[in-house]
Amino acid sequence: MIPEEVIKAPVVTEKSNDEVQMGKYTFKVNKKATKVDIKRAVEKLFEVKVLKVTTMTVKGKEKRVGRNIGKTSDWKKAIVTIDTNPSDQKYLAKGGKETKVSKKYKDSIDSFMGA
């Protein structure tokens, strides 16, 4: 799946707005998407480092119009925790020399909630 198909829309509620300060962002995602798909899509679209992905299936509500009873469709929600303090990674290269790799990661998602 391409990243644009995985992430459908941000979920904007009071609780999701409170969790933004802790680095947790909530998205409506494709029902067939796995946690790995969601992680790759968020990292590619928003250029952030994802630490954790939590998913849940939200059951549709029963709605009534007049005497007809129907049901809204089920959907999948993902809560993505990002690294708010990205740092350089160090590893040992040939000869025991320490090498630094600095990837340009952002510390927040700017386009969340249309900002």
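1. Strands, like helices, are DSSP runs here, a strand being E over at least two residues, and they are numbered from the N terminus. On that basis Thr81 is found in strand β6. Keep in mind throughout that this is a predicted model.

2. Is Thr81 buried or exposed? Thr81 counts as buried because its relative accessibility is 16%, and the cut-off for buried is under 20%. Leaving out residues up to four places away in sequence, Thr81 touches Gly23, Lys24, Lys49, Val50, Leu51 and Lys52.

3. Helix α3 covers residues 35-46, twelve residues in total. From first C-alpha to last, α3 reaches 16 Å. That is close to the 16 Å expected at 1.5 Å a residue.

4. Which residues of α3 are buried? They are Ile38, Ala41, Val42 and Phe46. These residues sit on the same side of α3, because they cover an arc of only 95° around the axis. The general rule is that an α-helix has 3.6 residues a turn, so residues three or four places apart point the same way.

5. The opposite face of α3, turned away from the buried side, carries the exposed residues Arg40 and Lys44. Val36 is also placed in α3. Val36 counts as partly exposed, because its relative accessibility is 46%. Just after α3, Glu47 takes a positive phi of about 55°.

6. What covers the buried residues of α3? The cover includes α1 (3-6), β1 (7-10), β2 (24-29), β3 (50-58) and β6 (75-82).

7. The largest nonpolar core has 18 residues. Ile7, Phe27, Ile38, Val42, Phe46, Val80 and Ile109 touch the most other members. At least two residues of this core come from each of β2, α3, β3 and β6. The most comes from α3, which gives four residues.

8. Look at Val42 in particular. It is one of the buried residues of α3. Not counting residues up to four places away in sequence, Val42 touches Ile7, Phe27, Glu47, Val48, Val50, Val80 and Ile109.

9. Thr55 has its place in strand β3. It is partly exposed, because its relative accessible area is 24%. Beyond residues up to four places away in sequence, Thr55 touches Lys35, Ile38, Lys76, Lys77 and Ala78. For Val36 and Thr55, 19 residues apart along the chain, the C-alpha separation is 11 Å.

10. Strands β4 (residues 62-65) and β5 (residues 68-71) run antiparallel, joined by four bridges. They form a hairpin with two residues between them. In the turn, Gly66 has a positive phi of about 70°. Glu62 stands opposite Lys71 in β5.

11. How many salt bridges does a search of the whole structure find? The search finds one. The side chains of Asp74 and Lys71 meet in it, at 3.3 Å, N to O. Side chains of opposite charge can pair when their charged atoms come close. Asp74 counts as partly exposed because its relative accessibility is 21%. Lys71 counts as exposed because its value is 57%.

Technical notes: Residues are numbered from 1 along each chain as its sequence is written. This is a predicted model: local features need pLDDT of at least 70, side-chain atom pairs count only at pLDDT 80 or more; totals for chains, interfaces and linings use all residues. Side-chain values use heavy atoms; hydrogens and water are left out. A salt bridge is a side-chain nitrogen of Lys or Arg within 4 Å of a carboxyl oxygen of Asp or Glu. Buried means under 20% relative accessible area, exposed over 50%, partly exposed in between (1.4 Å probe, protein chains only). The expected span of a helix is 1.5 Å times one less than its number of residues. The arc is that of the directions from the helix axis to the C-beta atoms. Contact means heavy atoms within 4.5 Å. A nonpolar core is a set of buried Ala, Val, Leu, Ile, Met, Phe, Trp, Tyr and Cys residues joined through side-chain atoms within 4.5 Å. Two strands pair if DSSP finds at least two bridges between them.
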